[in-house]
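Work through these exercises with the model open. Each task is followed by its solution.

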Amino acid sequence: MNSLEESLARQKNYFASGATKPIEFRIKQLKTLLLTMKNMEAEILAALKLDLGRSELESFAAEVGFVYREIEHTIKMLPKWSKMERVGTPLLLAPGRSYKIKEPKGVVLLI
């Protein structure tokens with residue numbers, strides 16, 4: 001198995017353990033990503049200049065700043081987005097109650 005397949009298998013196992021499920025864990029990971037990006041901002045802007053020929057201002061406005069805002073928005077909204085939502089219950093199942101439970105589906109690859 002190559003290193004990419006091994007890494008994916010480890011990530012899938014980690015996800016299956018349930019460790020990534022709590023909202024607090026996901027918010028902490030997003031805050032870590034935001035802090036890491038801010039600490040590496042100069043390198044990110046330099047890479048965008050090298051790859052796309054963009055100025056720092058253009059790169060920040062079109063790429064980096066946009067990602068910062070999206071991460072901050074997601075941190076703010078994640079608790080609301082993750083709340084159980086009450087939905088209608090079929091008459092056959094009365095007097096029960098039905099809810100939509102929003103949960104993460106799996107792993108993703110960020111490049």
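Rings of Phe, Tyr and Trp (its six-membered ring) count as a pair if their centres lie within 6.5 Å, and planes over 60 degrees apart make the pair edge-to-face. The model is predicted.

**Exercise 1.** Find the aromatic pairs in the whole structure and classify them.

*Solution.* 
- Step 1. The search finds two aromatic pairs.
- Step 2. Take Tyr14 and Phe25. Their ring centres are 6.3 Å apart and their planes stand at 65 degrees, so this pair is edge-to-face.
- Step 3. Place the residues. Tyr14 belongs to helix α1 (residues 3-16) and Phe25 to helix α2, so the pair ties together parts 11 residues apart in sequence.
- Step 4. Take Phe60 and Tyr68. This pair is also edge-to-face, at 5.9 Å centre to centre with 70 degrees between the planes.

**Exercise 2.** Describe how α2 and α3 cross.

*Solution.* 
- Step 1. Their axes come within 4 Å and cross at roughly 70 degrees.
- Step 2. That makes α2 roughly perpendicular to α3.
- Step 3. Met37, Lys38 and Asn39 of α2 meet Glu41, Glu43 and Ile44 of α3.
- Step 4. Sort these contact residues: two are nonpolar, one is polar and three are charged.

**Exercise 3.** Where does helix α4 bend, and what does its buried side pack against?

*Solution.* 
- Step 1. Helix α4 (residues 56-82) bends by about 45 degrees at Lys76.
- Step 2. Pro79 follows within four residues.
- Step 3. The buried residues of α4 include Tyr68, Ile71 and Ile75.
- Step 4. The buried residues of α4 pack against α2 (23-39) and α3 (41-52).

Methods:
Residues numbered from 1 in each chain as written. Predicted model: local features only at pLDDT ≥ 70, side-chain atom pairs only at ≥ 80, totals over all residues. Heavy atoms only, no water. Bend = angle between axes of the 7 residues up to and from the residue. Helix = DSSP H or I, 4+ residues; strand = E, 2+ residues; numbered from the N terminus. Buried < 20%, exposed > 50% of the residue type's maximum accessible area, 1.4 Å probe, protein only. Contact = heavy atoms within 4.5 Å. Axes fitted to C-alpha atoms, helices over the stretch in contact; angles between N-to-C directions. Parallel < 35°, antiparallel > 145°, perpendicular 65-115°, else oblique. Nonpolar A, V, L, I, M, F, W, Y, C, P; charged D, E, K, R; others polar. Phe/Tyr/Trp six-rings, centres within 6.5 Å; stacked < 30°, edge-to-face > 60°.
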